[in-house]
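Please keep the sequence and the model in view while reading the points below.

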Amino acid sequence: LQPTPVILLKEGTDTSQGIPQLISNINACQVIAEAVRTTLGPRGMDKLMVDGRGKATISNDGATILKLLDVVHPAAKTLVDIARSQDAEVGDGTTSVTLLAAEFLKQLKPYVEEGLHPQTIIRAFRTATNLAVNKIKEISVPVKKDDKQEQRQLLEKCAATALNSKLIAGQKDFFSKMVVDAVMSLDELLSLKMIGIKKVQGGALEDSQLISGVAFKKTFSYAGFEMQPKRYENPKIALLNVELELKAEKDNAEVRVKSVEACGGSIQTSVGAMTDDVLGQCELFEEVQVGGERYNFFKGCPKAKTCTIILRGGAEQFTEETERSLHDAIMIVRRAIKNDSIVAGGGAIEMELSKYLRDYSRTIPGKQQLLIGAYAKALEVIPRQLCDNAGFDATNILNKLRAKHAQGGMWYGVDINNEDIADNFASCVWEPAIVRINALTAASEAACLILSVDETIKNPRSTVDGPPGGGRGRGRGRPHAH
């Protein structure tokens with residue numbers, strides 16, 4: 001008698017498990033990494049993504065690219081998530097995180113295929129990550145906070161390093177100064193909300209400016225406004241919640257909120273109770289023509305430290321990408337102020353950790369030795385990718401780097417300009433240590449997470465398209481709320 005087959009799950013349910021499942025997850029992550037791989041570093045290329053509505057986005061920011069790719073593979077989504085978390089936490093290094101995680105998995109693939117238990121691998125990786133993070137903390141260089149001048153230069157270097165790989169790398173000196181000014185003008189909390197970025201089309205990038213205060217489009221006009229003076233010294237500002245005219249209420253609301261935060265005063269709903277204590281004030285109000293728009297500038301606001309960056313530039317995609325790049329740089333400068341230790345970028349810190357872990361792995365017995373060795377090898381993906389993107393001979397340069405680090409040149413990394421290796425600490429390619437620490441922990445956590453999954457069960461209902469109108473079909477459903 002043949003035993004009756006037990007049907008546990010609905011017909012059409014797709015389950016895959018065991019080692020093949022793990023391998024296919026690892027391969028999916030490789031594909032994600034391929035998508036952002038070439039954007040790493042100063043010679044990285046940009047990606048042009050066109051979404052379903054035909055809106056084109058040009059970006060170099062790993063998190064932005066992965067957000068726009070509609071990833072459906074469940075395991076590969078993990079990589080998208082860590083890129084996002086890196087973006088939220090430190091702002092920069094999103095491409096590196098994705099690359100590291102994928103490379104960890106790539107190095108582990110042979111061990112998984114040979115049937116090494118994933119938990120063993122995960123344990124080794126946890127050990128290696130802890131060692132690496134402690135090593136970064138140990139060798140990172142603290143910044144002297146008391147010397148304002150020195151701190152400022154350091155922050156500019158960090159901002160310039162963050163902007164190196166972006167579209168606006170050519171103007172990085174100009175923008176890194178602007179970003180540092182913007183962040184320095186904030187108060188202790190360094191809240192990002194207080195840096196407004198307004199994009200005005202037209203003009204050159206160099207026409208971008210930083211207004212210390214609030215700036216917004218002129219939202220209203222009134223009879224005889226051409227006759228009024230365009231500059232006021234120390235004006236009083238009344239913030240009214242009254243419809244002076246039927247016009248864009250949204251703009252007015254935004255303007256009111258910004259001004260209250262900056263100029264003091266409180267929002268009035270009627271014109272009756274005008275006393276001095278409800279009026280805000282600032283040192284200078286002026287109306288300026290920026291591109292095709294008139295802008296109102298409130299400068300020297302007493303209450304909050306706010307500033308507004310007005311970006312100029314030709315194409316809309318270009319100014320948007322500039323805004324994203326500046327966001328990265330602003331986040332980096334904030335981080336560098338809060339956590340005041342830095343390491344050298346350009347693959348230097350990765351090579352140093354790689355050497356350290358490789359030496360460490362030789363001192364322990366058993367499988368852990370192989371696995372920590374694999375972790376060390378995976379770290380080399382960053383300098384290797386930097387070389388590949390610049391079109392250098394990666395093997396050659398990595399060999400030089402290994403030799404240099406073995407002799408104790410701990411800050412040596414890839415020198416993009418001369419196709420060689422250089423002391424990146426001396427040549428001011430710096431990043432806050434926290435960026436690297438976060439990247440390592442996030443990448444290895446993602447790798448461990450993907451390794452610990454050995455089965456995917458897909459419900460057939462969610463994959464088969466329902467009748468049109470019932471639920472969302474492919475693409476023609478209700479528009480996503482972003």
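This is a predicted model: local features need pLDDT of at least 70, side-chain atom pairs count only at pLDDT 80 or more; totals for chains, interfaces and linings use all residues.

Two strands are said to pair if DSSP finds at least two bridges between them. In strand 18, Ile421 is the bridge partner of Val414.

**The chain as a whole**

- The protein chain contains 15 helices and 20 strands.
- It has 482 residues, of which 48% count as buried.

**Helix 13 and its surroundings**

- Helix 13 comprises the 13 residues 394-406; at 1.5 Å a residue it should span 18 Å, and the 18 Å between its end C-alpha atoms agrees with this.
- Ala394, Ile397, Leu398, Leu401 and His405 are the residues of helix 13 that are buried. Viewed down the helix axis, the buried residues fall within an arc of 100°, so they line one face of helix 13.
- An α-helix has 3.6 residues a turn, so residues three or four places apart point the same way.
- The partners against which the buried residues of helix 13 pack are helix 10 (348-361), helix 12 (381-390), strand 17 (412-415) and strand 18 (420-423).
- After helix 13 comes Gly408, which has a positive phi near 105°.

**The hairpin of strands 17 and 18**

- Strand 17 and strand 18 pair in the antiparallel sense, and four bridges hold the pairing.
- The hairpin formed by these strands has four residues between them, and Glu419 in the turn has a positive phi of about 45°.
- Asp420 belongs to strand 18. Its relative accessible area is 28%, so Asp420 is partly exposed.
- Leaving aside residues up to four places away in sequence, Asp420 touches Ile397, Lys400, Gly413, Val414 and Asp415. Ile397 is also one of the buried residues of helix 13.
- Asp420 and Phe392 are 28 residues apart along the chain, and their C-alpha atoms are separated by 8.7 Å.

**Helix 12 and Gln385**

- Gln385 is part of helix 12.
- Buried means under 20% relative accessible area; Gln385, at 5%, therefore counts as buried.
- Not counting residues up to four places away in sequence, Gln385 touches Arg37, Leu40 and Leu99.

**Helix 1**

- Helix 1 covers residues 18-37 and has 20 residues; from first C-alpha to last it reaches 29 Å, close to the 28 Å expected at 1.5 Å a residue.
- The buried residues of helix 1 include Leu22, Ile26, Ala33 and Arg37. Arg37 is also one of the residues that Gln385 touches.

- Strand 2 (residues 47-50) pairs with strand 3 (residues 56-59) in the antiparallel sense over four bridges.
- The bridge partner of Lys47 is Ser59, in strand 3.
- Five residues lie between the strands of this hairpin, in which Gly54 takes a positive phi near 85°.

Notes:
Residues are numbered from 1 along each chain as its sequence is written. Side-chain values use heavy atoms; hydrogens and water are left out. Helices (H or I, at least four residues) and strands (E, at least two) are DSSP runs, numbered from the N terminus. The expected span of a helix is 1.5 Å times one less than its number of residues. Buried means under 20% relative accessible area, exposed over 50%, partly exposed in between (1.4 Å probe, protein chains only). The arc is that of the directions from the helix axis to the C-beta atoms. Contact means heavy atoms within 4.5 Å.
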